[in-house]
Amino acid sequence: MNSFPLTFRLIFTVICFLSCVNLSDGFKWISLPSQRTKGHVGSTVHIKWYYECNNFGISKILYNNTEMFYRYGNKQNYSTIKNAVPHFSVIGGSNTTIIISHVHKNKSGSYCCVVDCGGGDKDVQCTFLFIYVLPRIKYLSPNLYGKQGDSITIRCNASGNPAPRVTGIHKDTNTTIANSSVMSFNITGKASGGKYCCHVSNGFGEETNCTSVEVT
């Protein structure tokens, strides 16, 4: 006879707990990409977010503030937003990875993960993808000849992203001749001859190539 009130109280307590406790435990970020992600042109870039959230939320992936993918909390995979044409794929659930293949300059920009767990728990974390290109010397003046008093011009054209810094050096004397793509000087004697090198760098790589000047 006395067990019924006790059982009733237990059932009432469970019902009250389920109805009174906010089922949204909120969320927290476990890991985030850096604010700036770097990728070499032609490579495959992975961008990862990892968060904890209840099953009642929704998360979205944005590129340059445009929604591309979404996932409801009770789903395992992301779905493409209607009419969106993403240039990347997304795998994982709360452990989200963006895969961008064969990156080039047109794929740079802002990539964001928006998480809305309900109950006011919402946040967005972004990274900017910068595509870099290693510096390369595209042209260097071939070997040159001259006599005393002649004017010599050596040209060095380079490419890269960001645009590389170009330095012209007289290797025989380890003297910087120019901080540009053009080295110009007058032959003052035999010492003006020798190797002249073009050095290019942009913070991601460097390259050096040399030509020669022969004083006749």
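Colleague: Is I137 buried or exposed, and what is the relative accessible area?

Modeller: Bear in mind this is a predicted model. I137 sits in strand β10, residues 121–140, and touches C156, N157, A158, C198, V200, E207, T208 and N209, leaving aside residues up to four places away in sequence. Buried means under 20% relative accessible area. I137 therefore counts as buried, with a relative accessible area of 15%.

Colleague: Which strands stand at the edges of the open sheet of four strands?

Modeller: The order is β1-β3-β8-β7, and the pairing is antiparallel. An edge strand here has a single partner strand, so one side of each is left without a neighbour in the sheet. That gives β1 (28–31) and β7 (89–91).

Colleague: Which residue in β8 does S89 stand opposite?

Modeller: β7 pairs with β8 (residues 95–100) in the antiparallel sense, over three bridges. In β8, the residue opposite S89 is I99.

Colleague: Where is the cis peptide bond that involves P162?

Modeller: Most peptide bonds are trans. P162 lies in the loop between β12 (151–161) and β13 (165–170). The cis bond, with omega near 0°, runs from N161 to P162.

Colleague: What is the phi of N65?

Modeller: Most residues other than glycine have a negative phi. N65 is in the loop between β4 (58–63) and β5 (66–72), and is exposed, with a relative accessible area of 67%. Although N65 is not a glycine, its phi is positive, at about 70°.

Notes
Residues are numbered from 1 along each chain as its sequence is written. This is a predicted model: local features need pLDDT of at least 70, side-chain atom pairs count only at pLDDT 80 or more; totals for chains, interfaces and linings use all residues. Side-chain values use heavy atoms; hydrogens and water are left out. Two strands pair if DSSP finds at least two bridges between them. Helices (H or I, at least four residues) and strands (E, at least two) are DSSP runs, numbered from the N terminus. Buried means under 20% relative accessible area, exposed over 50%, partly exposed in between (1.4 Å probe, protein chains only). Contact means heavy atoms within 4.5 Å.
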